[in-house]
Amino acid sequence: TRVGASMYGLLKYSFEQGRLDGMSLEEAWKERLLRLAARKPFSRVERFSDGRVVSIAYQPAPDGGWVAIHQDITAQQRLEDELRSQATIFRQALENMSHALAVFDASKRLVVCNSRYLDMFRYKPAEVRPGMHLHQIFALAIERENYTGITLDELIAESDRNFASGSEVTRRRRLPDGRWLYTRSRPTPDGGWVFTAEDVTERELAVQALNEQHQRFDVALNA
């Protein structure tokens with residue numbers, strides 16, 4: 001790189017160094033010309049073969065030229081890459097859980113849930129999203145008949161009492177479709193809650209069958 005080098009020449013050098021993210025030189029130059037014609041600031045990122053990552057911000061100058069500011073963002077980029085990797089691992093862990101899981105913050109808004117949670121309670125992904133209030137989810141649960149024999153107001157009041165108590169709440173309940181669930185709600189240090197649910201239908205049916213067998217034996221012995 002030398003004083004007097006053209007923008008095309010600099011772009012060609014970046015292409016030869018493999019820093020155009022797979023774009024051909026012609027595609028990159030066409031894109032650059034469109035941006036230059038718009039006369040608006042733009043930026044791009046180049047990844048060097050030695051691992052460095054550089055952000056280049058282009059600003060139009062009053063005389064018709066351009067100012068390019070180069071900033072080494074290697075440390076920032078590595079942190080972002082690591083955070084993305086951790087987020088991917090976290091999501092994979094959530095999706096591989098056999099239990100349904102939903103996390104709520106201190107304001108009772110959904111932070112994250114896994115697909116098992118949606119499937120277990122028959123929610124569509126578009127219906128239950130991060131940021132949704134717990135009371136809205138309760139309303140949907142009543143609509144889907146995940147709760148019977150209780151009104152929405154009663155369900156909200158019960159939930160509010162549980163939140164206020166700050167104590168873990170566990171329940172075993174039968175859904176109208178015959179499934180049995182074991183649910184657990186645990187408070188978090190920041191005032192939120194972690195909700196998990198496990199389908200224990202097979203276990204409950206096995207217990208019921210065993211109890212019925214014992215009853216038949218008792219009847220036979222006492223006959």
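**Cores and helix pairs in a predicted model**

Good morning. The largest nonpolar core here has 25 residues, and those with the most contacts inside it are Phe104, Leu110, Tyr117, Phe121, Tyr123, Val128 and Ile137. By nonpolar core I mean a set of buried Ala, Val, Leu, Ile, Met, Phe, Trp, Tyr and Cys residues joined through side-chain atoms within 4.5 Å. Buried stands for under 20% relative accessible area, exposed for over 50%, and partly exposed for values in between, with a 1.4 Å probe and protein chains only.

The elements giving two or more residues to this core are strands E4 (100-104), E5 (110-113) and E8 (193-199), together with helices H4 (115-120), H5 (134-143) and H6 (152-165). H5 supplies the largest share, five residues. Helices (H or I, at least four residues) and strands (E, at least two) are DSSP runs, numbered from the N terminus. A second, separate core has five residues, including Phe42, Val54, Ile56 and Tyr58.

A word on the source. This is a predicted model, in which local features need pLDDT of at least 70 and side-chain atom pairs count only at pLDDT 80 or more, while totals for chains, interfaces and linings use all residues. Residues are numbered from 1 along each chain as its sequence is written, and side-chain values use heavy atoms, with hydrogens and water left out.

Let me stay with Phe121. Leaving aside neighbours within four places in sequence, Phe121 is in contact (heavy atoms within 4.5 Å) with Arg144, Asn146, Arg173, Leu181, Phe195 and Ala197. Arg122 sits in the loop between H4 and H5. Although not a glycine, Arg122 has a positive phi of about 60°, and with a relative accessible area of 40% it is partly exposed.

Two of those partners of Phe121, Phe195 and Ala197, are also in contact with Thr183, as are Val169, Thr170, Arg171 and Thr196, again leaving aside neighbours within four places in sequence. Thr183 belongs to strand E7 (residues 180-187) and counts as buried because its relative accessibility is 8%.

I turn to the helix pairs. How do H5 and H6 pack? Their angle is about 140°, with the axes 10 Å apart; the axes are lines fitted to C-alpha atoms, for helices over the stretch in contact, and angles run from 0 to 180 degrees between N-to-C directions. H5 is therefore oblique to H6, given that angles under 35 degrees count as roughly parallel, over 145 as roughly antiparallel, 65 to 115 as roughly perpendicular and the rest as oblique. From H5, Leu134, His135, Phe138, Ala139 and Ile142 meet Leu152, Leu155, Ile156, Ser159, Asp160 and Phe163 of H6.

Helices H1 (residues 7-16) and H2 (residues 25-38) likewise pack at about 140°, their axes 10 Å apart, and so H1 is oblique to H2. Here Met7, Tyr8, Leu11, Lys12 and Phe15 of H1 meet Leu25, Ala28, Trp29, Arg32 and Leu36 of H2.

Between H1 and H2 lies the loop that holds Asp21. Asp21, a residue other than glycine, has a positive phi near 55°, and it is exposed, with a relative accessible area of 62%.

Finally, Glu16 lies in helix H1 and counts as exposed because its relative accessibility is 52%. Thank you.
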